[in-house]
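Subject: Structure handover

Hello,

I am passing a structure on to you.

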Amino acid sequence: MIKGKRKWTINVIASYLIAALGGNTTPSAEDIKSILESVGAEVDEDRVEFLLSELKGKDLTEVIAADREKFASVPSGGGVAVAAAAPAAGGPATAPVATETKKEGIEGRRERGVR
């Protein structure tokens, strides 16, 4: 796990990951700097060194797996309740609910009798 109160910039982490994906299992500061410079990004050497010190001797896949477990418990939306509008005078009290879903593909067309 990467710990620390320093603010990370995604470009330093992304550069490390790009180097790792390219087959470099232990990217150096120079590797990260060359990737950042190749796209014209500013290099913050303190952040590069901090990242490398936090990852030194650690397996990147284990670090990612450990952090992924942390994110699994973070709510990511989808639990928002929506209030229904009041029905108009004389209208139905509830909105009609769709009872059938459209089936796609050959199987769905066969079931509907379409060839």
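The notes below cover a helix pair, a nonpolar core and one serine.

Please keep in mind that this is a predicted model.

Helix pair. Helix α1 spans residues 10-21 and helix α3 spans residues 45-55. Their axes come within 10 Å and cross at roughly 50°. The crossing of the two helices is right-handed. On the α1 side, the contact is made by V12, I13 and Y16. On the α3 side, R47, V48, L51, L52 and L55 take part. By residue type, the contact of α1 with α3 has seven nonpolar residues, one charged and no polar.

Nonpolar core. The largest nonpolar core has eleven residues. They are V12, Y16, A29, I32, L36, V48, L51, L52, L55, L60 and V63. At least two residues of this core come from each of α1, α2 (29-38), α3 and α4 (60-72). The helix that gives the most is α3, with four residues.

Serine. S15 is part of helix α1. Its relative accessibility is 4%, so S15 counts as buried; the cut-off for buried is under 20%. Leaving aside residues up to four places away in sequence, S15 touches I32, I35 and L36. I32 and L36 are also listed among the residues of the largest nonpolar core.

Regards

Definitions and conventions: Residues numbered from 1 in each chain as written. Predicted model: local features only at pLDDT ≥ 70, side-chain atom pairs only at ≥ 80, totals over all residues. Heavy atoms only, no water. Axes fitted to C-alpha atoms, helices over the stretch in contact; angles between N-to-C directions. Left-handed = near helix turned anticlockwise from the far one by under 90°. Contact = heavy atoms within 4.5 Å. Nonpolar A, V, L, I, M, F, W, Y, C, P; charged D, E, K, R; others polar. Core = buried A, V, L, I, M, F, W, Y, C linked by side-chain atoms within 4.5 Å. Buried < 20%, exposed > 50% of the residue type's maximum accessible area, 1.4 Å probe, protein only.
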